There are 2 protein chains.
Amino acid sequence: MKTASHHEPRSPIVGVLGGGQLAQMLSQAATPLGITISILAPDLASVLPGLREGVVIGDWNDPETVVRFCQHVDVLTLENEFVPPACLNAVEASGVACFPTPASLRLIQDKWTQKRALLAAGVSVVACDEVKTPVDVAEFAHRHGWPVVLKRRHLGYDGKGNATLRSADEIPMAWKRLAGPDHGLYVEAFCPFDRELAVMVCRDVSGQTVTYPVVDTVQRDHICHIVRAPSQLAPDQVALARERAVAAVIAIGGVGCFGVEMFLTAEGEILVNELAPRVHNSGHYSIEACACSQFENHLRAVLGWPLGDARLRAPAAVMVNLLGQADGPGHPAGLAEALSVAGAHIHLYGKARSMPGRKMGHVTALGSTVEEAEAIAAAAARSLYFGRRPA
Amino acid sequence: MKTASHHEPRSPIVGVLGGGQLAQMLSQAATPLGITISILAPDLASVLPGLREGVVIGDWNDPETVVRFCQHVDVLTLENEFVPPACLNAVEASGVACFPTPASLRLIQDKWTQKRALLAAGVSVVACDEVKTPVDVAEFAHRHGWPVVLKRRHLGYDGKGNATLRSADEIPMAWKRLAGPDHGLYVEAFCPFDRELAVMVCRDVSGQTVTYPVVDTVQRDHICHIVRAPSQLAPDQVALARERAVAAVIAIGGVGCFGVEMFLTAEGEILVNELAPRVHNSGHYSIEACACSQFENHLRAVLGWPLGDARLRAPAAVMVNLLGQADGPGHPAGLAEALSVAGAHIHLYGKARSMPGRKMGHVTALGSTVEEAEAIAAAAARSLYFGRRPA
């Protein structure tokens, strides 16, 4: 950080690669703390409302552009883990503080490397192995049984870059679709889970961690749909999930907020699925439900400031994602109806256009039970419609 | 509003005259609701961080500039009630929606007219009268006893434009200081109050109101210093204060949020002191302490949207203002220490420079009691220092 030469206290500048909703919510947490957010984004159209004040237009896939951007920030962070390796190397060589560190990002970007790091640290994950040829897939299935999931090591998200295979017959077509010169693959046992869990862990440069509550998540079509806090699992399972999440973040040397996605298997085993090296959709509820949101704690961590209180301050909180229903304007119909639902906190991201399945916003509600909170959040979410309605 | 001609839902534009901390906090509430805030301010330097995205540079004392600004907004509002009469007339003539209405603003800007409107509606206020000459002051004191407070009808705030007179001897000098061709005066009985109270009332265009909790306020040197929610008064007095606040806002035809300042006299009487036709320092605690903050409810009201829940969602909340201690940078020293106080919500306004007594930010804490919340907020506030420390 460039603070040593400054005698007067001044507003620190946090650079963010990308100007989407995660950067937007980081910025909403930054302003009241006197932090200036500066966004690097390829064009102004991709930068959401609230972020255009300190924007630098440039391609964050270009190492030179990123290094130039870093010269005017105190610390660099990101809202998207898919930063090209050449950029990570350039950032590292430039000496700018970057959290998560390029080393952590490299471990996470390659999901097979990520799994190995977790396994090496004794964190339970679904059985998996590297595969170099289609024959390796068949052999893995022979050892672990069908079905198996063939996955790309890089750039997979929201279910993209995966194939579930039920028999050896399905290997060739999946291999053809997924493999390629830039796409190493690995294979996992199919995990018939009972429940999906997530935990946000925030870790500072000194290794101190705060842990947000373990939450139950509901995915639809591989996209986060509902988050229920706290998890309704038994206390000992919740404690175990929390421990595993912290161990996972330590295993990859994380600094800042990390989203840890986990499965509860049919056998009652808790397995870490994967890590997101950033603030995460499963932690949005913390804006209203915790004294210090994931966004504020991420900023505190990357700036070397004390971490804040991550406990729930209501008995329960539920977040429901608002997904685009059709192509059309990004501002929803039904807003007045949604606002008439008492206790619903509506967050619209202000994207210019809606597309089916696109994350357009979310609704959070607090309650004395998860059921109560979910009824409020779901009622508001139901009132909103993103996209042009069929005539 | 210019919505009739639009077939697709779109982000409404709320114009705000002024770019200070009240506009900043309005903007923080606006973005998640898909509302675009556009600021009219005389220069970029006066516009706080977070507001520079939609800023229009221009003098809001100039009627033509204001009318031109109104052409691109759906509704106009303000963070400062001292809009010149010529501008109010021009806004009215232009037909743009403006809340509070120019009519309400005229009633409030002239404090003597404000008092008469409250009296006409049966709202209890401190004994007061118009004064045309120094002799009128002496006659008022003869009827009501010394001391009396001589006040300017216009442009008084934070104790400026007032003089407390203990005897007839003090009249000439005070008259000379306060009176002038643009400064009509009025006089009030001196009110030795036990406690100062405030209530935020939000009223929509249809006349529906929501009322925030009655709070105890502590002023130092006529500037709001601490706000304690809820008021520790007896329930029947709280109910009376709330009733009077609502009656006062109805009396002046308020739409949007209004801060109603009140006294509890030594005799146990609750008197309305004055109204602020806008979001107000005594309501900042609502950002964390209520499901729907005063800022969000103000936006809902001026846009004709349903009002939100204004109840406390913790047993108690306390806000402590952060005032500049010396000239110097606007970013405080001691931020890391302040952030180490668990549960303290720090709000820095990001002003470029600190000056003694200038409002630089505030801290809010929730608690199970007012005492608990105040201990947290005060501890964080104590750690912060605004201005250059003496060498």
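**Note on a predicted two-chain model**

1. The crossing of helices H2(B) and H3(B) is right-handed, a crossing being right-handed if the near helix is turned clockwise from the far one by less than a right angle, and left-handed if anticlockwise. H2 covers residues 63-70 of chain B and H3 residues 85-94; their axes come within 9 Å and cross at roughly 35°. Axes are lines fitted to C-alpha atoms, for helices over the stretch in contact, with angles from 0 to 180 degrees between N-to-C directions. Helices (H or I, at least four residues) and strands (E, at least two) are DSSP runs numbered from the N terminus.

2. This is a predicted model, in which local features need pLDDT of at least 70, side-chain atom pairs count only at pLDDT 80 or more, and totals for chains, interfaces and linings use all residues. Residues are numbered from 1 along each chain as its sequence is written, while chains are lettered from A and ligands numbered from 1 in the order in which they are written.

3. Within the helix pair, Pro63(B), Val66(B), Val67(B) and Cys70(B) of H2(B) meet Ala86(B), Cys87(B), Ala90(B), Val91(B) and Ser94(B) of H3(B). Contact requires C-beta atoms, placed from the backbone, within 7 Å. By class, this contact has eight nonpolar residues, one polar and no charged. Ala, Val, Leu, Ile, Met, Phe, Trp, Tyr, Cys and Pro count as nonpolar, Asp, Glu, Lys and Arg as charged, and the others, Gly among them, as polar.

4. Between the chains, 33 residues of chain B are in contact with 34 residues of chain A. On the chain B side, helix H11 (335-339) and strand S17 (344-348) are the elements giving two or more residues. S17(B) supplies the largest share, three residues. The chain B side divides into 15 nonpolar, 12 polar and six charged residues.

5. Ala41(B) lies in strand S2 (residues 36-41) of chain B. Ala41(B) counts as buried because it has 23 C-beta neighbours inside 10 Å; the cut-offs are 20 or more for buried, 12 or fewer for exposed, and partly exposed in between. Among the residues that Ala41(B) touches are Gly18(B), Val47(B) and Ile57(B).

Note on methods. Contact = placed C-beta atoms within 7 Å. Lists of a residue's contacts leave out its neighbours within four places in sequence.
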